[in-house]
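Subject: Structure for you to look at

Hello,

I am passing on the structure we spoke about. Please look through it first; my notes follow below.

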Amino acid sequence: MAQTARPSRPRVAVTRTLPEAIEARMAELFDLAPNADDRPMDRAALAAAMADVDVFVPTVTDRIDAELLAAAPARLRLIANYGTGVGHIDLKAARDRGIAVTNTPGVLTEDTADMAMALILAAPRRLIEGDKLVRSGEWTGWRPTGMRGHRIGGKKLGILGMGRIGQAVAQRARAFGLQIHYHNRHRIPEVAEAQLGAIFHADLDAMLDAVDILTIHTPHTASTAGLVDAQRLDLLGPTGWLINTARGEIIDPEALVAALTEGRIAGAGLDVYVNEPAVDPRLIALDNVVLLPHLGSATFEGREAMGRKVIANIRSWVDGHRPPDQVLDGWL
């Protein structure tokens with residue numbers, strides 16, 4: 001596809017309200033079309049927002065599929081995703097249309113690792129249950145058998161996905177006395193394993209059979225969708241805990257509800273769900289699950305850093321360069 005000239009002040013549509021400082025800077029640099037009411041866009045609204053723009057800035061809640069991309073105007077040349085994961089964007093369809101896709105990697109590592117570690121502590125130690133008990137006015141005071149949870153020191157932590165976030169979680173978990181095990185497509189360097197005290201498992205099932213807690217830090221792709229299914233939850237076992245701050249689709253939702261309800265795993269800490277913001281009411285009814293509203297990147301610092309990366313990617317594209325965080329290779 002022939003490459004068209006890039007406008008010096010591109011028309012940029014964003015699908016959600018971004019941090020004030022980010023939108024102010026974008027309005028200075030670009031012809032900005034904001035989402036003033038910050039409501040999630042349905043398919044018709046997404047199509048309308050894409051119409052007659054050069055750059056489109058979606059978030060993880062916006063499904064950008066081949067049908068939407070096929071209807072996009074020819075002038076749309078860049079999708080500058082506000083977020084690291086791009087599983088909600090049909091990358092092949094974008095490539096076929098000659099649309100570059102960028103994301104915001106690296107800026108959310110510490111925030112997401114903090115949240116995963118918080119859930120690793122909160123679920124076994126029953127922190128949310130304790131908070132509810134105090135607020136209910138029904139707490140009758142300390143007693144030897146009251147609100148007992150499980151110690152995490154000395155437990156074995158399995159990390160599914162040992163990228164930047166997985167390694168940051170390992171650093172935190174090691175400080176709490178957890179033994180680190182991991183499964184990854186590729187083994188990390190020996191020096192990194194030594195620093196983290198991490199044990200590599202080439203086989204995911206073997207790792208699940210060996211650990212007490214599983215934390216997920218792998219992207220949502222065709223190969224990871226439903227990766228943690230009923231059989232793998234059974235390997236984790238009735239004393240095992242599941243933590244997910246990655247994507248809800250990586251876990252089979254029906255298998256998860258069944259395992260939690262039937263006591264085939266001890267509990268879970270979840271920050272992500274299939275079909276967000278809908279959360280399965282069966283999960284909400286359970287006491288052995290900590291449920292958070294997708295807070296992994298929800299810091300002032302992290303959300304502004306994401307916005308700065310979006311701006312940098314757009315400006316690089318405007319200047320005729322390959323954006324620093326381009327997901328697909330080359331300009332088509």
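How many helices and strands are there in the chain? The chain has 13 helices and twelve strands. Please keep in mind that this is a predicted model.

Overall form. The C-alpha trace spans about 70 × 50 × 30 Å along its principal axes. The radius of gyration of the chain is 22 Å, which agrees with the value near 20 Å that a compact globule of 332 residues would have. Of the 332 residues, 46% count as buried. The accessible surface comes to about 16,300 Å², and 53% of that belongs to carbon and sulfur atoms. Taking contacts between residues at least 6 apart in sequence, 60% join residues at least 24 apart.

Annotation. An unreviewed UniProt entry places the feature "domain: D-isomer specific 2-hydroxyacid dehydrogenase catalytic" at residues 38–327. That span is 39% helix and 13% strand, and its end C-alpha atoms lie 26 Å apart.

Aromatic rings. The count comes to one aromatic pair. The ring centres of Tyr182 and Phe200 are 5.2 Å apart and the planes are at 50°, so the pair is tilted.

Phe200 counts as partly exposed, at 22% relative accessibility.

Regards

Notes. Residues numbered from 1 in each chain as written. Predicted model: local features only at pLDDT ≥ 70, side-chain atom pairs only at ≥ 80, totals over all residues. Heavy atoms only, no water. UniProt positions renumbered as here; feature names shortened; annotations may be inferred. Helix = DSSP H or I, 4+ residues; strand = E, 2+ residues; numbered from the N terminus. Phe/Tyr/Trp six-rings, centres within 6.5 Å; stacked < 30°, edge-to-face > 60°. Buried < 20%, exposed > 50% of the residue type's maximum accessible area, 1.4 Å probe, protein only. Rg over C-alpha atoms; globule rule 2.2 N^0.38 Å. Contact = heavy atoms within 4.5 Å. Areas by Shrake-Rupley, 256 points an atom, 1.4 Å probe, with all protein chains shown as cover.
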